[in-house]
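Here are my comments on the model, as numbered points. Please read them with the structure open.

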Amino acid sequence: MTLATRQAVGARIRDLRKANGLTQERLALMVGVERSYLAKVEAGKKNASIDILEKIAIGFDLTLAELFDGI
């Protein structure tokens, strides 16, 4: 995944998280990852596995396709 794509995915997750009134800590708990890992994903510094991305999508009641909408 390119840096630009990682940053776009991270921004999408951050925007969804904020729109749903969730903290990084709460979303990380829902997904089963450390808050620091989620922060790196949101910042585009870390690649999230498809398993983690699926859990994030489920946390927002979205499909994977909807999670990537607009990216």
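**Notes on helix α1**

1. The buried residues of α1 pack against α2 (24-31), α3 (35-42), α4 (50-59) and α5 (64-67). Helices here are DSSP runs (H or I, at least four residues), numbered from the N terminus. Contact means heavy atoms within 4.5 Å.

2. This is a predicted model: local features need pLDDT of at least 70, side-chain atom pairs count only at pLDDT 80 or more, and totals for chains, interfaces and linings use all residues. Residues are numbered from 1 along each chain as its sequence is written, and side-chain values use heavy atoms, with hydrogens and water left out.

3. Which residues of α1 are buried? They are Arg6, Val9, Gly10, Ile13, Leu16 and Arg17. Seen down the axis of α1, these buried residues fall within an arc of 130°, so they line one face of the helix. The arc is taken from the directions from the helix axis to the C-beta atoms. Buried means under 20% relative accessible area, exposed over 50%, and partly exposed in between (1.4 Å probe, protein chains only).

4. On the face of α1 turned away from its buried side are the exposed residues Ala4, Lys18 and Ala19. After α1 comes Gly21, with a positive phi near 65°.

5. α1 and α3 pack with their axes 7 Å apart, at an angle of about 120°. Axes are lines fitted to C-alpha atoms, for helices over the stretch in contact, and angles run from 0 to 180 degrees between N-to-C directions. From α1, the contact is made by Arg6, Gly10, Ala11, Ile13, Arg14 and Arg17, and from α3 by Leu38, Val41 and Glu42.

Definitions and conventions
Helices (H or I, at least four residues) and strands (E, at least two) are DSSP runs, numbered from the N terminus.
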